Amino acid sequence: MATAAAPRVYKNFINGEWVEASSGKAYENRNPANSNEMVGMFVSSSSEDVDAAVDAANEAYKSWRLVPAPKRAEILYRAAELLLLRKEEFSKDMTREMGKVLAETRGDVQETIDMTYYMAGEGRRLFGQTTPSELPNKFAMSVRQSIGVCGMITPWNFPMAIPSWKMMPALVAGNTVVLKPAEDTPLSSYHLVQTLTEAGLPKGVVNLVNGYGPTASAPLSQHKEVPVVSFTGSTAVGRIIAEACAPDFKHVSLEMGGKNIIIVMDDANLDLAVDGAVWGGFGTTGQRCTAASRVAVHKSVYGEFAKRLVERVKKLRVGDGRDPDVDMGPCINEQQLKTVMSYVEIGKTEGAKLLTGGNRLDTGVFAKGWFHEPTIFSDCSAKMRIAQEEIFGPVVSLIPVNDFAEAVEVANGVQYGLSASIYTKDVNQAFAAIRDIYTGIVYVNAPTIGAETHLPFGGTKQTGNGHREAAIAAIDFYTEWKTLYIDYSDKLQRAQIDNN
Ligand code: UN1
């Protein structure tokens, strides 16, 4: 009888070589839609591996920082070309390890391609400023300088796009990288790192360490030779990382939780708003930081909106994301599924009305996966836990509101501030919402998800710590300003004193 082939073991990438972890241990990466299906084994790293990766990145930094930025960018450009060729293969692998439907994993790889091309373009810009000096015969300007080794800790919901948001700006600016991807989705990072290497990235410029938070992310964020740390994940873990980085005053960028809202006003195109709520709430099984987990609806259209939304959501087909007929995949793992189930219980206990869903799916084709029905609660008060806390799953809370002012108050009445959206045809109301909602991203007549790579991404309050990813904002994070004064007067000129 033929025995199944042993699963492939994926290693760390340190100083241009694929190497075992020092622990000798490896963990299983399984398909969340079918736990019988092994994606691969991935080594489990500890501080020794992180040290080796940081050493390699530090050594490589000495020469990488001196490579002209347009040349660094050419490597990124080649990587984008290769990613484009491999888009379908990488998307299929991503659906296998992450579960989201193929259309969405294609979007994830496309977002990686977009970011890589965009940052390749930055290689011939990386603009600073020139400005007149207040003194004669004196020249003033500012230039960007690279910083050093950047530690990156990335989540499982955008397994390739989010690593690319961090790596591409860091690399084009002349930094080197140690990446610790989420343990649930390491194959997509393997593909990304392998592609960058094939595109010509010199050894040590990007290093990959697989494994878990406490054993691999913690030593990375605490490492004395890592002056820059970028993290996307939960607010609770972000706080631990910020505290670990504080004593050394590291640059830390944190992208954390969200409790994003769609506001539906009485003049909204209701069908459009329903489309937005379905996509924003249940796309990626609700597992986006930008997911629309709250919908505040004007009371005069509340009943009709809820009816149409439920009709649509009942038709969503749940299943294996590789099946083209499926709309919504599984939760990423058992723990996430249990979190979703516990919030469904919390919602019931709080007195919210369950309109549809509410159950785990675990029979027949669902038996080996972490599936949950798309779920809608109505008649939620804005203060209920299901309307306040990030669930990160397919659960949407409908909140009736009396008017625009109350909708804005509800929008702002949570600890997070990532994304918000308003559906209205009234331009005055739309602009007032843009002004008064305190989030990093506001959409008008579009759902809370769908950020593009050339605009800043991030949030206020407990969503972030003031930095932004993507766009030029990312270049700002991965560089330090160096201000230059060149005096060609051949005499001592004192600023603020000799300027009359
Ligand atoms: C996330 O929500 O975790 O804007 C990232 C979007 C995507 C990125 C989302 N482009 O929904």
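Author: The second largest cavity holds about 50 Å³ of space. A cavity is a set of points on a 1 Å grid over the protein atoms alone where a 1.4 Å probe fits but cannot get out, and its volume is the space filled by probe spheres set on the points. This is a predicted model, in which local features need pLDDT of at least 70 and side-chain atom pairs 80 or more, while totals for chains, interfaces and linings use all residues. Residues are numbered from 1 along each chain, and side-chain values use heavy atoms, without hydrogens and water.

Reader: Which residues lie nearest the centre of the second largest cavity?

Author: Lys259, Asn260, Arg294, Ser419 and Thr439 do, out of 13 lining residues, meaning those with an atom within 4 Å of a point. The elements β13 (260-264), β20 (416-417) and β21 (419-423) each give two or more residues to this lining; strands are DSSP runs of E with at least two residues.

Reader: How does that lining divide by class?

Author: It has seven nonpolar, four polar and two charged residues. Asp, Glu, Lys and Arg count as charged, and Gly is among the polar ones.

Reader: How many cavities of 30 Å³ or more are there in the whole structure?

Author: The search finds two. The largest cavity has about 80 Å³ of space, and Gly286, Arg288, Ala291, Ser293 and Phe392 are the closest to its centre among 15 lining residues. That lining comprises six nonpolar, six polar and three charged residues.

How values were computed
1 Å grid on protein atoms, 1.4 Å probe; cavity = no way out; pocket = protein on both sides within 12 Å on 5 of 7 lines; lining within 4 Å. Helix = DSSP H or I, 4+ residues; strand = E, 2+ residues; numbered from the N terminus.
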